[in-house]
Amino acid sequence: MSTPSLYNAIRDHDFSETTCFLCGSDVENNKSSREHVFPKWLLHHFGLWDKPMTLLNGTKLAYRQLVIPCCQSCNNECLSNIEQEVQERFVKGAAELMSMDRERLLVWVLKIFYGLLYRELFLSFDRREPGAGNIVSAEDMEQFQLLHLILQSCRVPMQFSMMESDIPASLFIFDVQEPQNPDMRFDYKDDIVNRTMYLRLGKVGILAAFDMGAQTFEGGDFFSRYQGHPLHPVQFGELGANLFMKARVFNRTPKVLIGEYSKVVNFTVLPMAGLSSTPVFWDWEAEDMAEMLMFFLGYSLEEVMPVVGRNATWLKNGDGSLRVISMDAPPWSSPARA
């Protein structure tokens, strides 16, 4: 049996409702050739099947409608076993998910991030004006070519080589306290421009920056100090704000070498710092972080920046110890009964 080759959909702008998003095979435009961006088990577990998700253009689409074309081979052979493993480990908690092979976990996380973009390729920016173009264009997808190649590691043997990380991304898993209120147990955010993703699934929190491992190398110590502790969702939100903010001030364009041989693809990320003496990450302004905290936490400016030029933190006490926050206060507790 021959080794499958990489599929370069983005270079060729080969996007279609009848083309497998992962390998490029022809598929029928029906339910049997559709892959849910957010897996069905997740949608049912958190009661999201019919709930709406807000897209990049501000319109809403039910989670169950977020599907992308996928052939039977990629769906049932390449992705299904990863999906099943994530589901089994998720039930057992963050520590079990953290022990999963990180290349396989990266594929699962990346499929959600990339899959949402792919879905929006086929949706009109303004449904009232079909000629206005789609939410995401084929040209927009060009900046995500490397991510699509990484995603194919589930179907093409691939070897990753880099100094900053064991995988071409920064991926962190956290224990999170699960709210009593079922409507508060799931949260998803992403930053398409800076390639970051935030996913809170009940007792599990996942942060990902598709930065070829930059935040693992510079910032990993910050995130690791909060792993293994049951964080309040607000605390996990603050960690998400830090990851997104750091991605915004990332000061490198990672250089990657890809060699496709008969049996394996070598994916090599060159040292992030290179020969430049400039910082890999610039510093950020407190006002910019305040905006990010407001986005993640839904708090007012006065709450996230009680003193001008200084941001509040919910992660630690004044002496540096981890802060413990009760889950009893609304909206994290069960909704009040009429």
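Select strands E5 and E11 to begin: 4 bridges join E5 to strand E11 (residues 265-269), and the two run parallel. Strands here are DSSP runs of E, at least two residues long, numbered from the N terminus, and two strands pair if DSSP finds at least two bridges between them. The model is predicted, with pLDDT of at least 70 required for local features and 80 or more for side-chain atom pairs, while totals for chains, interfaces and linings use all residues. Residues are numbered from 1 along each chain as its sequence is written, and side-chain values use heavy atoms, leaving out hydrogens and water.

Next, pick glutamine 159, whose bridge partner in E11 is asparagine 266. Then widen the selection to the open sheet of 3 strands, ordered E5-E11-E10 with mixed pairing. Strand E5 (158-161) and strand E10 (256-260) are the edge strands, each pairing on one side only. From one strand to the next, the twist averages 15 degrees, with axes fitted as lines to C-alpha atoms and angles running from 0 to 180 degrees between N-to-C directions.

Now turn to the cysteines. A disulfide is counted as a pair of cysteine sulfur atoms within 2.5 Å, and by this rule there are 0 disulfides. Select cysteine 70 with cysteine 20: the latter holds the closest cysteine sulfur to that of cysteine 70, yet the distance is 4.3 Å, too far for a bond. Cysteine 154 is also in no disulfide, the nearest cysteine sulfur being that of cysteine 78, 5.0 Å away.

Finally, colour by accessibility, where buried means under 20% relative accessible area, exposed over 50% and partly exposed in between (1.4 Å probe, protein chains only). Cysteine 70 is buried at 0%, and cysteine 154 is buried at 17%.
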